[in-house]
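Please keep the sequence and the model in view while reading.

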Amino acid sequence: MNDKGETKKFYDNWAIKQLKDSDREATLKWKAVNMANLIFRQLNIEKINYICEIGGAEGIVINALGNLVKAKNTRNYELSKEFCKIGEHLYSDIEFINAEFGNNTSENSSIYDLIILSDITEHVIDDSSFLAEVGKSCKYVVLKMPIERCLISHDWAFQAMGRKVPLDRQFGHKHHNGHLRGYTIKSALNKVSESFDVLDYKVSDVTYFYPSKRASLVRKYFGEKMTTYVFGGALFVLAEAK
């Protein structure tokens, strides 16, 4: 999205679409649990008091994660008015800000113990600059990043089937989920490492979302990383600001 009005319109429409998904809450809580597991393994949760999420929709992830680590203060930056409205009704203890992160005048004086980025970096125009800015405002960051650069997504994989990659599956402004780029496990970790020191990470293969016999067989014999390399999946990362 290269226009702020266009971006806001996209996320308002995205909210309407997402709220119709019956599996959405369970998926978001799954993300929160995976993030929390990294935090429990590496950090003293007594020091995680102020959590901020960027693009946290109606607050399901930050609420679940905040409860798990017993955070005292939570703030969510969300571009969709609809999500903010619903979130304020559901979670009165979360502060919702209907604006882009960094546009709030109080941001300069806010240093969060933890910032949550759940499926966010693939949407921003410059992920390097964005992560650098986030690193100035927190002690730690926890991310969930989609791993979509995999064997079956390559152009040649479609060519082998006598097809072209559908336009809405190509990374860029016309991507069906608004993803401007795709990551491999390695490129995602390298991107985070530009502004943070990676403390821990977990790979989750695509079988959680899209179970199939082929993917299950690869997972059984070769493990999660290989399954993700072939079919895609998700990467959870905990990192400390440099």
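Which residues form a nonpolar patch on the surface, and with how much accessible area together? The patch consists of L217, Y221, F222, M226 and Y229, with about 590 Å² of accessible area together. Patch members have over 30% relative accessible area and no salt bridge; like charges are joined within 9 Å, nonpolar side chains (Val, Leu, Ile, Met, Phe, Trp, Tyr) within 5 Å. Areas come from the Shrake-Rupley method with a 1.4 Å probe, and for residues only the protein chains shown count as cover. L217 sits in helix 8 (residues 213–231). Its relative accessible area is 41%, so L217 is partly exposed; buried means under 20%, exposed over 50%, and partly exposed in between (1.4 Å probe, protein chains only).

This is a predicted model: local features need pLDDT of at least 70, side-chain atom pairs count only at pLDDT 80 or more, and totals for chains, interfaces and linings use all residues. Residues are numbered from 1 along each chain as its sequence is written, and side-chain values use heavy atoms, with hydrogens and water left out.

**The chain as a whole**

The secondary structure comes to eight helices and seven strands. Helices (H or I, at least four residues) and strands (E, at least two) are DSSP runs, numbered from the N terminus. Of the 242 residues in the chain, 51% are buried. The chain exposes about 12,700 Å², and carbon and sulfur atoms supply 51% of that area.

**Helix 7**

Helix 7 covers residues 185–193, and its buried residues are I185, A188, L189, K191 and V192. Seen down the helix axis, these residues fall within an arc of 160°, so they line one face of helix 7. The arc is that of the directions from the helix axis to the C-beta atoms. An α-helix has 3.6 residues a turn, so residues three or four places apart point the same way. What do the buried residues of helix 7 pack against? Their partners are helix 5 (127–135), strand 5 (138–147), strand 6 (196–205), helix 8 and strand 7 (233–241).

**Salt bridges**

A salt bridge is a side-chain nitrogen of Lys or Arg within 4 Å of a carboxyl oxygen of Asp or Glu. By this rule the count comes to 14.

| Pair | N to O distance |
|---|---|
| K31 and D119 | 2.5 Å |
| D119 and K144 | 2.9 Å |
| E224 and R219 | 3.0 Å |

D119 has a salt bridge with K31 and another with K144. D119 lies in the loop between strand 4 and helix 5 and K144 in strand 5, so this pair ties together parts that are 25 residues apart in sequence. D119 is buried at 15% relative accessibility, and K144 is buried at 7%. K31 is buried too.

The pair of E224 and R219 has another setting. E224 is partly exposed at 26% relative accessible area, and R219 is partly exposed at 38%. Elsewhere, salt bridges that share partners join D127, R181, K191 and E194 into one network.

**Loops and backbone**

Where does A57 lie? A57 is in the loop between strand 1 (50–54) and helix 3 (60–69). Its phi is positive, about 55°, although A57 is not a glycine. A57 is buried, with a relative accessible area of 10%.

K70 also has a positive phi, near 60°, in a residue other than glycine. K70 lies in the loop between helix 3 and strand 2 (73–77) and is exposed at 63% relative accessibility. K72 belongs to the loop between helix 3 and strand 2 and is exposed at 65%.

**Cysteines**

How many disulfides are there? The count comes to zero, where a disulfide is a pair of cysteine sulfur atoms within 2.5 Å. C84 is buried at 5% relative accessibility. C150 is buried as well, with a relative accessible area of 5%.

How values were computed:
Contact means heavy atoms within 4.5 Å.
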